[in-house]
Amino acid sequence: MKFLELQIKGFGKFQEQTISFEDGINVIYGKNETGKSTMHTFIRGMLFGIHPQRGRASKNDLYSKYEPWENSGTYEGSLRLEHQGTIYRIERRFQKNQKEFRIIDETLGKEVADGKGLLDELLCGLSETAYNNTISIGQLKCATDEGMVSELKNYIANMNTSGNMALNITKATDFLKSRRKEIGARQIPDAARSYTSLLGEIKSLEREIAAPEYENLIPSYQKMRTETQSQVETIQAEKEQLLQKSARGHQVLSENHFSTIEDIESYEEQTDESFQEYEELKDTLSHKGRKALTILPFILAAVFCALSVYFYYLGGQNPVSFYLNLAPLLVSAFLVGVAFLLCMISLSMILSSRSLKKKLEQSSQELQKAFGRHLGDPSVTKEAMEAFRGRMAEFKRLSSTIQQSEETIQRLNDEISSLQIRQNDFSQNIEKQQKNQWTLEKKLELLSNYKTQAEALRSTLAENDKISQELEAIDLAQETMTELSTSIRNSFGLHLNKTASDLIDGLTGGIYTSMSIDENLNAFMNTKTKLVPMEQVSGGTADQVYLALRLASAKLIQGSRTDSLPLVFDDSFVLYDDERLKNALKWLSSTYKGQILLFTCHQREAQMLTANQLPYHLITL
């Protein structure tokens with residue numbers, strides 16, 4: 001089996017990260033805090049899952065530690081791998097309320113029905129504990145050589161006893177003894193009363209938990225809040241378009257010295273009045289009879305003047321006749337007066353004509369100014385006036401459109417305010433739901449404790465009359481466990497020693513050819529001249545022994561399997577000097593035919609592989 005690709009959607013510091021692996025040795029290099037441990041844990045999580053702890057332990061468990069730094073809703077990813085020519089994709093979602101696990105057969109293009117069964121087959125039945133102590137190889141965490149030896153002894157003891165770190169027969173035996181003592185002390189007189197009380201508490205809690213307020217509506221509220229935000233953004237975009245359109249309309253009106261539709265109507269009305277006045281003045285001044293009427297009073301005045309002279313001279317030929325002919329003189333005076341009046345009338349008509357011409361000129365100038373501004377042609381004609389009215393109608397329509405846009409903008413503002421209030425309500429509901437869910441988790445935790453206690457009491461009530469049989473069964477189990485331990489010690493332990501010895505020879509470059517473990521679980525390194533106790537070897541050699549034992553365990557667990565599981569090294573060569581590192585890398589490259597993932601914060605592994613012309617694939621974080 002080999003890993004092909006990691007696709008991390010959200011895990012710790014990683015977001016939407018893809019890492020590809022190749023055959024052979026893959027060196028994953030990165031300085032401290034670049035995410036090597038995160039990626040290593042992600043691989044383990046894809047194989048075995050990550051399960052949140054309850055109560056106080058949840059604050060520092062792996063689940064909390066590797067929750068995505070951003071966008072916690074993407075706590076998931078996938079691992080693509082190849083096994084016997086078939087490519088599989090393991091997909092996991094780690095969120096505790098939305099856990100998902102499935103395996104896709106990419107070669108056949110379908111989901112594997114029994115994903116868990118296939119995964120057990122791919123991992124050779126390894127438990128997570130066994131995986132961490134065999135395939136996944138870390139650095140010894142002991143600070144001193146003495147501590148390393150102690151850890152090695154513990155490791156050898158467990159492996160030599162049962163062949164599996166996950167199964168510790170010594171601990172199992174101690175547990176059975178403790179269990180025997182515990183069962184004997186379970187005969188509690190008031191067990192029934194305690195059990196009845198617990199059942200009442202459980203039912204009360206279950207009723208509380210079933211209340212509608214504890215229904216998890218967070219995803220629904222989050223979805224509605226997101227939809228509301230989308231609506232706000234859509235309306236905001238529409239509002240911005242209307243604002244721009246309204247601003248352009250106001251600019252057009254402003255450039256034409258208008259601000260409201262009333263201004264346009266007033267201006268149009270004034271211009272229309274000016275045009276009507278202009279037309280009337282033009283018709284009045286262009287009338288032919290008007291000129292004759294202006295000249296006629298002068299002609300009549302002249303005639304009346306002549307008549308007055310005639311009557312004056314007629315009455316003034318002699319003094320007697322003057323007094324006798326007083327009437328002609330009066331007529332002459334009257335005619336002179338009439339002539340004067342006609343002259344005044346003619347003069348008044350001339351002045352009136354000049355005033356009308358001045359008004360006509362003013363009206364013409366006003367109309368030329370209006371037509372020139374809005375039509376681009378100052379000519380004053382009826383067609384121009386009709387075009388002007390059309391132009392004013394456009395301005396009125398524009399003003400009406402602006403008014404409608406502003407009314408729409410106000411309506412959109414009201415809608416945005418309403419949606420924002422609704423969005424805020426969703427946020428408050430989400431916060432309330434989160435508090436309710438936290439309270440629910442506490443109640444569930446308490447309910448679980450109550451059920452655990454009730455189960456224990458129920459078992460006690462049911463098993464009080466079977467205690468003797470239980471004790472006999474425990475004694476039989478202890479006897480069987482002792483026989484099993486002896487059998488394993490005589491078979492698996494020998495194979496472990498032999499396989500580890502073969503590995504020691506290659507890892508140490510022939511310095512040590514084998515190792516042996518005595519009946520007291522003391523390890524010795526074999527040289528050509530003597531046996532060297534583990535207490536006398538260096539820390540680097542102890543680390544090599546530790547590595548050899550883990551590789552031997554991994555090899556024995558996988559049995560005759562042809563495609564080995566990938567080995568994962570996490571800063572496993574920190575204590576190695578350059579010579580030991582070179583021997584280890586050469587040995588791994590030539591001996592282990594499976595895939596190797598080597599996480600390191602140093603560059604010397606890659607440099608050593610390059611210097612010794614050993615093929616590898618470098619991944620830099």
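1. A pocket here is an open set of grid points with protein on both sides within 12 Å along at least five of seven lines, and its lining residues have an atom within 4 Å of a point. The model is predicted. Its largest pocket is lined by 29 residues. Nearest the centre lie Tyr63, Glu67, Lys96, Asn97 and Glu441.

2. Which elements give two or more residues to this lining? They are α2 (62–65), α8 (218–255) and α13 (382–463). Helix α13 provides the largest share, eight residues. The volume of the largest pocket is about 1,100 Å³.

3. Now the sheet. It is open and has six strands, in the order β2-β1-β4-β5-β6-β7. The pairing is antiparallel. Strands β2 (14–20) and β7 (110–111) are at the edges. Each has a single partner strand, so one side of each lacks a neighbour in the sheet.

4. Strand β6 (residues 100–105) pairs with β7 in the antiparallel sense, over two bridges. Glu111 in β7 is the bridge partner of Ile104.

5. Helix α3 (residues 115–122) lies across β4, β5 and β6. It runs at about 70° to β6.

6. Last, helix α16 (residues 578–591). Its 14 residues reach 20 Å from first C-alpha to last, close to the 20 Å expected at 1.5 Å a residue. Buried residues in α16 include Leu581, Asn583, Ala584, Leu585, Trp587 and Leu588.

Technical notes
Residues numbered from 1 in each chain as written. Predicted model: local features only at pLDDT ≥ 70, side-chain atom pairs only at ≥ 80, totals over all residues. Heavy atoms only, no water. Pairing = 2+ DSSP bridges. Helix = DSSP H or I, 4+ residues; strand = E, 2+ residues; numbered from the N terminus. Contact = heavy atoms within 4.5 Å. Axes fitted to C-alpha atoms, helices over the stretch in contact; angles between N-to-C directions. Expected span 1.5 Å × (residues − 1). Buried < 20%, exposed > 50% of the residue type's maximum accessible area, 1.4 Å probe, protein only. 1 Å grid on protein atoms, 1.4 Å probe; cavity = no way out; pocket = protein on both sides within 12 Å on 5 of 7 lines; lining within 4 Å. Points joined across faces, edges and corners; volume = space filled by probe spheres on them.
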